[in-house]
Amino acid sequence: DDYKAVRDAFRLYRAEAPDQWDWDAAAVPEPLTDALIAAKKEKEREKKARQRRRKREKEREAKQVAKEREAAEHARVAAEEAAILAGKTCHSCAGVIQGKPFERLEFRYCSTACVQAHKRELMAEAALRRLG
């Protein structure tokens, strides 16, 4: 920051006394006038305003995405509850049955793996009842 302050001091003086020195040979950048200072401040204000706008838009989008996720989760839960009430849950894994269910005896299943697993469970229960 000290370097920039010194540099700007030379640039300000160059604007006041353009013919006093060979400014190009001294490697002093273009003169710093009031118009340039005002333009730079305006540009910084616009940049900050754009950043604030962008931040607000991102926050709005994040809120919208959160609302959409919440609505989707609510719809999923409602669909599962409706499926439970309608008897469209798997007797083996208790998952929601998508499409046409697999049926065995009076039970409904979501996959053939669940049919086999529940069949084994029923057989084991029957064997335990027989043994005692």
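**Close-up 1. R108 and E103 meet side chain to side chain in a salt bridge, at 3.9 Å from N to O.** Bear in mind that this is a predicted model, where local features need pLDDT of at least 70, side-chain atom pairs count only at pLDDT 80 or more, and totals for chains, interfaces and linings use all residues. Residues are numbered from 1 along each chain as its sequence is written, and side-chain values use heavy atoms, with hydrogens and water left out. A salt bridge here is a side-chain nitrogen of Lys or Arg within 4 Å of a carboxyl oxygen of Asp or Glu. R108 is partly exposed at 34% relative accessibility, while E103 is exposed at 55%. Those words have set limits: buried means under 20% relative accessible area, exposed means over 50%, and partly exposed is in between, with a 1.4 Å probe and protein chains only. In total, the structure holds 5 salt bridges.

**Close-up 2. Within helix α1, D8 pairs up with R11.** Their salt bridge has its closest N and O atoms 3.8 Å apart. The two residues sit 3 residues apart, about one turn of the helix. Helices (H or I, at least four residues) and strands (E, at least two) are DSSP runs, numbered from the N terminus. Buried or exposed, what is D8? D8 is buried, with a relative accessible area of 19%. R11 is buried too, at 11%.

**Close-up 3. D24 and R14 join their side chains in a salt bridge of 3.2 Å, N to O.**

**Close-up 4. Y13 and W23 form one of the structure's 2 aromatic pairs.** How do you describe such a pair? You give the distance of the centres and the angle of the planes. Here the ring centres lie 6.0 Å apart and the planes stand at 70°, so the pair is edge-to-face. The rule is that rings of Phe, Tyr and Trp (its six-membered ring) pair if their centres lie within 6.5 Å; planes under 30 degrees apart count as stacked, over 60 as edge-to-face and the rest as tilted. Y13 belongs to helix α1 (residues 2–16) and W23 to the loop between α1 and α2 (34–85), so the pair ties together parts that are 10 residues apart in sequence. Y13 is partly exposed, with a relative accessible area of 34%, but W23 is buried, at 6%.

**Close-up 5. F107 and Y109 make a tilted pair of rings.** Their centres are 6.5 Å apart and their planes are at 50°, so "tilted" is the word that applies. F107 counts as buried at 15% relative accessibility, and Y109 is buried at 0%.

**Close-up 6. A run of Lys and Arg residues forms a positive surface patch.** Its members are K43, K47, K48, R50, R52, R53, R54, R56, K58, R60, K63 and K67. Patches are made of residues with over 30% relative accessible area and no salt bridge, and like charges are joined within 9 Å. Lys and Arg count as positive, Asp and Glu as negative, and His and the chain ends are not counted. Take K47 as an example: K47 is found in helix α2 and is partly exposed at 46% relative accessibility.

**Close-up 7. A27 and L105 each have a positive phi without being a glycine.** Most residues other than glycine have a negative phi. For A27, phi is about 60°; for L105, about 55°. Where do you find them? A27 is in the loop between α1 and α2, and L105 is in the loop between β1 and β2 (107–109). A27 is exposed, with a relative accessible area of 65%, and L105 is exposed as well, at 64%.

**Close-up 8. K100 sits in the loop between α2 and β1 (102–104).** K100 is exposed, at 76% relative accessibility. The C-alpha atoms of K100 and S111 are separated by 10.0 Å, with the two residues 11 residues apart along the chain.

Key:
Patch = residues over 30% accessible without salt bridge, like charges linked within 9 Å, V, L, I, M, F, W, Y side chains within 5 Å. Areas by Shrake-Rupley, 256 points an atom, 1.4 Å probe, with all protein chains shown as cover. Charge placed at Lys NZ, Arg CZ, Asp CG, Glu CD.
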